[in-house]
Amino acid sequence: MISIDEFEEMVKEEMDELPDYVHEDLNGGVLIDPAVYLHPGRVADDLYILGTYSYGGIMGKQIVLYYGSFMRTMGSAPAETIRRQVRETLRHEFLHHLETRAGLFYKGTLIEEDRERMMKYYLAHAKE
């Protein structure tokens, strides 16, 4: 299991790989939350949220990565495996940010893709 400090360093290194323009208007920055975040729409205790993108309210536009969720789902994995998931999650959340900045909210966006994943999750649980 990697420490939260190692996780934060990993996130920083992955953010440094992204072009500067993706950070524009992300006034709340990228935060690391030590919490385990179970999806509120889950059917069982098997669906963890690794990251979120928020674009309104008093906190502004920000990305949060949930260290606790990463550790709960892959804490015993090698650091490079965790890094790959950090990279994927971070880029996913930054894509939400870019789509929102462009005014894209539904058809053909990650919002639609995320909804489709949830439908597959519900269908898988309905078969059980």
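Mentor: Axes are lines fitted to C-alpha atoms, for helices over the stretch in contact, and the angle between two of them is taken between their N-to-C directions, from 0 to 180 degrees. Keep in mind as we go that this is a predicted model.

Trainee: At roughly what angle do the axes of helix α3 and helix α4 cross?

Mentor: Helix α3, residues 79–101, and helix α4, residues 110–127, have axes that come within 10 Å and cross at roughly 130 degrees. That value makes α3 oblique to α4.

Trainee: Which residues of α3 and α4 meet there?

Mentor: On the α3 side they are His92, Leu95, His96 and Glu99, and these meet Leu110, Ile111, Asp114 and Arg117 of α4. Sorted by class, this contact of α3 with α4 has three nonpolar, two polar and three charged residues.

Trainee: How is the pairing of α1 with α3 to be read, and at roughly what angle do their axes cross?

Mentor: The axes of helix α1, residues 4–16, and α3 come within 10 Å and cross at roughly 55 degrees, and the two helices are therefore oblique to each other. As for handedness, the crossing in which α1 passes α3 is right-handed. From α1 the contact draws on Phe7, Met10, Val11, Glu13, Glu14 and Met15, while α3 supplies Ala79, Ile82, Arg83, Val86, Arg87, Leu90 and Phe94. By class, the residues of this contact of α1 with α3 divide into nine nonpolar, no polar and four charged.

Trainee: Where is threonine 52 found, and what is its relative accessible area?

Mentor: Threonine 52 is found in strand β2, residues 51–55, and is buried because its relative accessible area is 18%. Leaving aside neighbours within four places in sequence, threonine 52 is in contact with Tyr37, Gln62, Ile63, Val64, Tyr66 and Glu93.

Trainee: With which side chain does the side chain of threonine 52 make a polar contact?

Mentor: The partner is the side chain of tyrosine 66, at 3.1 Å. For a view along the chain, consider also histidine 92, which is 40 residues apart from threonine 52, with a separation of 9.1 Å between their C-alpha atoms.

How values were computed: Residues numbered from 1 in each chain as written. Predicted model: local features only at pLDDT ≥ 70, side-chain atom pairs only at ≥ 80, totals over all residues. Heavy atoms only, no water. Helix = DSSP H or I, 4+ residues; strand = E, 2+ residues; numbered from the N terminus. Parallel < 35°, antiparallel > 145°, perpendicular 65-115°, else oblique. Contact = heavy atoms within 4.5 Å. Nonpolar A, V, L, I, M, F, W, Y, C, P; charged D, E, K, R; others polar. Left-handed = near helix turned anticlockwise from the far one by under 90°. Buried < 20%, exposed > 50% of the residue type's maximum accessible area, 1.4 Å probe, protein only. Polar contact = N/O pair within 3.5 Å; in protein donor to acceptor, adjacent residues only side chain to side chain.
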